[in-house]
Amino acid sequence: FKSTSHHDDKDFVDTCQDNSSCYDESPLIRDSYFDEMPITAHDLSSESILGIALNEPESWTPNIEKDVLKTLKEKEIKRQEHIYEFIMTEKHHCQTLLAIKKIFVEGIQRHVDSVHTEKLFPRLDELIELHTMFLRNLRTKQQYNYIIDSIADIILEFFSSDSASQLKNKFNDKFKYYLSDLQFTNCYKHCLTNPLLKKKGIPECQLFVTQRLTKYPLLIESLIKSSAEDKVETEKLKKSLALVKNMLIDVDACVAEKEKQDRQFEIFRKIDVKSLALYKNKYFKKSEIIGLGSNKKLKFEGQAILLQGRSKIQPVLVVVLTDCLFFLQENSHNKYSFFTPENKAGVVSLQKLLIREKAGTDSCGIYIISSQPDYPEMYELKVQQPKDKNVWIKSIREAVVDCPQQENEVDILTTEEKEKIIKTKQANIRDL
């Protein structure tokens with residue numbers, strides 16, 4: 001039997017990553033920091049049943065007397081190893097969360113006035129409470145007998161609870177914005193000297209925490225394989241596995257949406273403020289993409305060649321928003337400007353928009369056709385590879401289906417929703 005995920009999850013014990021991009025090898029530390037005693041594993045939790053500070057073997061068998069092992073079948077030994085691995089990885093995850101709180105959060109709170117730690121580590125206390133409760137239940141089962149009958153009921157209860165949705169929590173990237181704060185940087189350097197961290201910084205710790213949910217399916221699948229003879233236990237584990245996988249689907253969707261939001265802001269930032277295009281006989285500005293009065297979302301974007309008359313070609317970035325499509329060209333200064341094809345509109349409504357592929361299996365061509373009576377247009381694009389056509393056609397058609405039927409439907413929001421969107425956009429624009 002060989003374990004892999006156990007080693008992957010030994011967050012604060014075995015893994016050491018170079019964080020040299022964020023700090024110097026010989027950090028400058030204020031004299032006041034030397035008055036503090038370094039945080040140790042024993043300081044992370046006063047709850048002995050959690051075993052946070054215990055130095056435990058990596059596998060189950062060293063804990064068991066040889067005479068007892070001889071009475072067990074190989075299948076049962078492997079099953080106990082998988083149960084032990086699950087408990088140990090949960091312990092190491094709790095170590096990670098508690099170390100973040102004790103070393104980073106409390107350290108920053110003591111020495112830096114300008115940083116809001118709840119923005120760096122949102123809902124950290126809730127995550128600690130959730131995972132320590134889970135570990136406590138697992139440890140309680142473990143303390144009565146090293147040969148555990150089952151942990152399937154504990155796992156199922158954990159993933160079935162309403163609070164389990166907190167496992168989808170994702171830390172943000174506010175860390176990089178605080179590096180310009182000298183007070184924060186010095187405190188951060190001091191925190192990194194703690195041996196518990198093994199030079200892992202805030203980004204690495206955040207990554208460990210957010211990746212924990214992705215480890216559960218492998219751990220549960222191992223338990224299912226070694227519990228095949230017990231139908232009741234197997235059924236509970238399969239239900240748990242399904243719950244975890246559904247959570248991961250939600251997480252993937254949220255990550256994809258966040259990436260689109262970030263890309264939309266990046267496009268907005270790179271567009272020249274003076275650049276304009278015509279849309280239904282009106283000027284279309286960059287503020288239409290992300291402005292205080294706009295509720296447009298990025299649906300799709302891709303590089304293509306726009307074919308024009310007399311064999312003219314123009315490389316463009318095609319951007320599809322909630323209700324319109326437009327073209328951008330990039331200049332030598334890494335800035336975008338709106339591109340308007342000859343004798344055509346530079347921005348097209350998604351209402352009554354058609355997309356067709358050009359005939360020929362090796363063709364990279366697609367047609368974008370506006371069938372609106374007042375604004376009929378047709379554009380021919382050449383994508384990078386023939387296989388890309390399907391992605392373009394599917395994505396743009398989905399955007400067309402989701403497009404509001406009336407222009408004002410984009411802005412049908414309650415006053416409260418509008419105020420919330422405006423505050424969010426103001427904050428994002430300040431960050432930019």
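# A chat about strand β5 and other parts

Q: How many bridges join β5 to strand β6 (residues 336-338)?
A: Three bridges join them, and the two strands run antiparallel. Strands here are DSSP runs of E with at least two residues, helices are runs of H or I with at least four residues, and both are numbered from the N terminus. Two strands pair if DSSP finds at least two bridges between them.

Q: What kind of model is this?
A: This is a predicted model, in which local features need pLDDT of at least 70 and side-chain atom pairs count only at pLDDT 80 or more, while totals for chains, interfaces and linings use all residues. Residues are numbered from 1 along each chain as its sequence is written, and side-chain values use heavy atoms, with hydrogens and water left out.

Q: OK, back to β5 and β6. Which residue is the bridge partner of glutamine 329 in β6?
A: Serine 337 is that partner. The hairpin of β5 and β6 has five residues between the strands, and asparagine 334 takes a positive phi near 65° there.

Q: And in which sense do β4 and β5 pair?
A: Strand β4 (residues 313-320) pairs with β5 in the antiparallel sense, over four bridges. The two form a hairpin with three residues between them. Valine 319 has phenylalanine 326 of β5 as its bridge partner.

Q: What about β7, how many bridges there?
A: Strand β7 (residues 347-349) is joined to β5 by three bridges, and the two run antiparallel. Cysteine 324 stands opposite serine 349 in β7.

Q: Why is β5 said to be largely enclosed?
A: Five of the seven residues of β5 (residues 324-330) are buried, so the strand is largely enclosed by the rest of the structure. Buried means under 20% relative accessible area, exposed means over 50%, and partly exposed is in between (1.4 Å probe, protein chains only).

Q: How does glutamate 330 count, then?
A: Glutamate 330 lies in β5 and counts as partly exposed, at 45% relative accessibility. Not counting residues up to four places away in sequence, glutamate 330 touches Lys270, Lys335 and Tyr336; contact means heavy atoms within 4.5 Å.

Q: How far is glutamate 330 from isoleucine 271?
A: They are 59 residues apart in sequence and 8.8 Å apart in space, C-alpha to C-alpha.

Q: New topic: helix α5. How many residues does it have?
A: Helix α5 (residues 124-144) has 21 residues. It reaches 31 Å from its first C-alpha to its last, close to the 30 Å expected at 1.5 Å a residue. The expected span is 1.5 Å times one less than the number of residues.

Q: Which helices do its buried residues pack against?
A: The buried residues of α5 pack against α3 (74-111), α6 (152-160) and α9 (202-226). Among those buried residues are Leu127, Phe134 and Arg139.

Q: Last one: how many helices and strands in the protein?
A: The secondary structure comes to 12 helices and 10 strands. Of the 432 residues in the protein, 45% are buried.
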